Amino acid sequence: MASEVKDEKKFYDDAESYWKNVPSTIDGMLGGFGQISVTDINGSRAFLRPLLTTGGGSSGTKKAIDCGAGIGRITKRLLLPMFDSVDMVELNQGFLDGAPKHIGEEFKRIGKCYCCGLQDFTPDKGKYDVIWIQWVTGHLTDDHFVQFLQRCQDGLCENGVVVLKDNCSPEKVFDATDSSYMRTTDETLELIVKSGLKLLQSQKQKGFPKAIYDVIIRKRDFKLLGSGPFKAAVTLVDDRSGG
């Protein structure tokens, strides 16, 4: 599947310009759907906990990174309660500047804050138990999406996992407002396979309003590198977008 982006510089510059004008609030991070934050975090927690040693899984709880972190909504509510320390990577420096206030006292457990687009970000080798990527991959071209996933494997420590949570639509849609794509489930899976992953399981997340497109959570486990196929787990919500 070829990328539809014809002008990469404009694609990325337009997205950066959009987010510079978004307020550093929960509602801003969620595109006006701030009311879904609790449901979103609860669903993510239910998905992530069984993967960790504290929930009977094999992934550790020392270090995580929040990719496309914004002001730290996910860092604060999901990752810091589960991990000793969390790094953040975010394109908009203004959001990172607002993170200490949003996160509060627990910001002392934030490690590094990287101001960087994911197309240019390379995780430190062998550092993370969990690399969390949510509602940001639409801002990557297809090629950069695959390449980022491939780089993430080097950023995982033993038994580490990458989790992707993102939207899907019945058809691939380009949103000129924020310069992002919403891919179909099949297209997203195709890119995951291209990066060296295969589907492990799927389940549905409930509780989002009808205006929200399919939300997919994917777990990638890179510990089998060199000894067999990679694994991926997927969580879906029903498509209730009305087309």
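Predicted model: local features only at pLDDT ≥ 70, side-chain atom pairs only at ≥ 80, totals over all residues.

Author: Residues are numbered from 1 along each chain as its sequence is written, and side-chain values use heavy atoms, with hydrogens and water left out.

The residues exposed on the other side of α7 are Asp186 and Val193. Here exposed means over 50% relative accessible area, buried under 20%, and partly exposed in between, with a 1.4 Å probe and protein chains only. Helix α7 spans residues 185-194, and within it Glu187, Thr188, Leu191 and Ile192 are buried. Viewed along the axis of α7, the buried residues lie within an arc of 140° and therefore line one face of the helix; the arc is that of the directions from the helix axis to the C-beta atoms. Just after α7, Gly196 adopts a positive phi of about 105°.

As for the whole, the protein has 7 helices and 10 strands, where helices (H or I, at least four residues) and strands (E, at least two) are DSSP runs numbered from the N terminus. Of its 243 residues, 51% count as buried. Among contacts (heavy atoms within 4.5 Å) with a separation of 6 or more, 70% come from residues 24 or more positions apart.

The annotated positions come next. An unreviewed UniProt entry places the feature "binding site" at Gly68, Arg73, Leu118, Gln119 and Gln134; UniProt positions follow the numbering used here, feature names are shortened, and annotations may be inferred rather than shown by experiment. Arg73 belongs to helix α4 (residues 73-79) and counts as buried because its relative accessibility is 5%. Leaving aside neighbours within four places in sequence, Arg73 touches Ile26, Leu30, Ser37, Asp40, Ile41, His102, Gln134 and Trp135. With Ser37, Arg73 also makes a side-chain polar contact of 3.1 Å. A polar contact is a pair of N or O atoms within 3.5 Å; within protein, one must be able to donate a hydrogen and the other to accept it, and residues adjacent in sequence count only if both atoms are side-chain atoms.

Gln119 is placed in the loop between β3 and β4 and counts as buried at 18% relative accessibility. Its contacts, apart from neighbours within four places in sequence, are with Tyr12, Leu140, His144 and Arg151. The loop between β3 (110-115) and β4 (128-134) also holds Gly117, which is buried at 9% relative accessibility. Gly117 and Leu91 are 26 residues apart in sequence, and their C-alpha atoms are 4.9 Å apart.

Finally, the rings. The structure holds 7 aromatic pairs. Rings of Phe, Tyr and Trp (its six-membered ring) pair if their centres lie within 6.5 Å; planes under 30 degrees apart count as stacked, over 60 as edge-to-face and the rest as tilted. Trp19 and Phe95 form an edge-to-face pair, at 6.2 Å centre to centre with 80° between the planes. Trp19 lies in helix α1 (residues 8-20) and Phe95 in helix α5 (residues 93-103), so this pair ties together parts 76 residues apart in sequence. Both Trp19 and Phe95 are buried. Ring pairs also link Phe11, Tyr12, Phe174 and Tyr181 into a cluster. Lys172 lies over the face of Tyr181, 4.7 Å from the ring centre, and the charged end of Lys165 sits over the ring of Trp135, 6.0 Å from its centre. A charge sits over a ring if NZ of Lys or CZ of Arg is within 6 Å of the ring centre and within 35 degrees of the ring normal.
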